[in-house]
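Please look at the sequence and the structure shown here, and keep both in view as you read.

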Amino acid sequence: MNPSIIESEKQDWKNQLKHSIKNISDLIDFFGYDNIKNSPYEFILTKEYLDVFEKIQQGFRFKVTRYYLQLANINDPFCPILLQVLPHPNEIADPYFKDKDPLKEEIHSPISNLVHRYPDRVLWYISHHCAVYCRFCLRKRKVSNPASNTFRKNISDVIDYIKNQPTIKEVILSGGDPLSLEDDSIESILHQLKNIPHLYSIRIHTRMLVTLPHRITKNLCKIFDEYYPITVVTHFNHPKELTEIVYEKVRLLRKSGVLVLNQSVLLKNINDDVKILEELFLKLIQFGIKPYYLHHCDEVQGTSHFRVKLEKALDIIKELQGRNPGIAIPKFMVDLPEGGGKVPLTPVYLKEFDREKKEYIFYNYEFKNLYRIKDL
Ligand SMILES: *Cc1c(COP(=O)(O)O)cnc(C)c1O
Ligand code: SF4
């Protein structure tokens, strides 16, 4: 490939990172003081908020790309972009969730940077940086903290661990955002993984397609093509996030043989609404992305203000079934505390078993009429 194209695409995403919004004065410059003053986000300008903001920063940094912030609407009190990125006082005074690691990832970590909870797959943190820090992040305890990033120190230990466990069928590269690494590092990891004969699948969990689509360069796609088949799982939460550049980048990925899936998190006041989710999932398939999971928000310290009631979640799932095409409906997943693992939650369509007639009685998707099938 033409080296000047490789270089200019790299400059593009590096520049976005370099000029990202990192503090309140950047925010004021970005939106303009008067525009904030006359908006529902006026509180950003107060001394109280500045104090809280500084405190929150010490645990989990604030950072947004200009690209992502351009999707925001400062006049919308429930702007789905701003609500995902603006630090909230509840982050340091959560009345409900106190645990930084409710999924007990640390207990299931046989060596550092690796979580091995299920027998057949492992999750490998290869970066603790992201282009944007999402306030509901489940790995706040590590993510955004440069000191917790020790991945380079034990790459060969992790590779040896995977090599020595033939029950492992899949490696998930996660973080932080694995695509915050440079192409060469990503290629080297893919190369080492491809040489392990018992692996069936390599997956990359990234939010770059949402927050910094410029990161999906031709050179990166060429690498993915060389290591075919790669699965990329991205993280769109709202239809506003699906822009023209995203469409182009998904196309590039798919032309390189990449399977592109999406996981969303169900977030209060952001996407806990059947119309919004219907549009999100339809738009995802229109863009060439298969909705894979919709996650219930985990019980991570400082995130309870994002939590939606399970009953409401189930109602939304019920309404989507029969309303959207099947390929535009993800599984709704609950990750159980104490490291229980993920389980799908679905409305229960099986009403009962009629012992006399040996028939099962079902509701259909509308939950109005009953239907019988024989048990042979
Ligand atoms: C979510 C998760 C996975 C991946 O689960 P899938 O259901 O295969 O998508 C793997 N390991 C850990 C520790 C996880 O939390
Ligand atoms: S991109 Fe993922 S890992 Fe990074 S802050 Fe957002 S949710 Fe957390």
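This is a predicted model: local features need pLDDT of at least 70, side-chain atom pairs count only at pLDDT 80 or more; totals for chains, interfaces and linings use all residues.

The domain assignment divides the chain into domain 1, covering 3-91, domain 2, covering 114-344, and domain 3, covering 347-376. If you take the centres of domain 2 and domain 3 over their C-alpha atoms, 36 Å lie between them, and the contact between these two domains takes 5 residues from domain 2 and 4 residues from domain 3.

The next stop is the ligand. Which residues surround ligand 1? They are V115, R117, Y118, R121, L123, I172, R203, Y292, Y293 and K342. Several of these side chains can be followed atom by atom: an N or O atom in the side chain of Y293 is 2.5 Å from an oxygen atom of the ligand, a polar side-chain atom of R203 lies 2.8 Å from an oxygen atom of ligand 1, and for R117 the distance from a side-chain N or O atom to a ligand oxygen atom is 3.5 Å. Taken alone, ligand 1 exposes 390 Å², and the protein buries 92% of that area.

Now consider the loop between α6 (80-85) and β1 (114-118), where D101 has its place. Is D101 buried or exposed? Its relative accessibility is 10%, and because buried means under 20%, D101 counts as buried. Leaving aside its neighbours within four places in sequence, D101 is in contact with E106 and R141. Although D101 and L138 are 37 residues apart along the chain, their C-alpha atoms are separated by 7.8 Å.

K104 lies in the loop between α6 and β1 as well, and its phi is near 55°, a positive value in a residue other than glycine. K104 is buried, with a relative accessible area of 17%. A positive phi, of about 60°, is also found in E338, which is not a glycine and which sits in the loop between β8 (331-336) and β9 (341-344). In contrast to the buried K104, E338 counts as exposed, at 58% relative accessibility.

Finally, there are cis peptide bonds to look for in the backbone. One runs from G175 to G176, with omega near 25°, and G176 lies in the loop between β3 (170-175) and α8 (183-194). Another runs from Y228 to P229, with omega near -5°, and P229 is found in the loop between α10 (218-226) and β5 (230-234).

Technical notes:
Residues are numbered from 1 along each chain as its sequence is written. Chains are lettered from A and ligands numbered from 1 in the order in which they are written. Side-chain values use heavy atoms; hydrogens and water are left out. Helices (H or I, at least four residues) and strands (E, at least two) are DSSP runs, numbered from the N terminus. Buried means under 20% relative accessible area, exposed over 50%, partly exposed in between (1.4 Å probe, protein chains only). Contact means heavy atoms within 4.5 Å. A residue is near a molecule or strand if one of its heavy atoms lies within 4 Å of it. A polar contact is a pair of N or O atoms within 3.5 Å; within protein, one must be able to donate a hydrogen and the other to accept it, and residues adjacent in sequence count only if both atoms are side-chain atoms. Accessible areas come from the Shrake-Rupley method with a 1.4 Å probe; for residues, only the protein chains shown count as cover. Domain bounds come from an automatic or database domain assignment.
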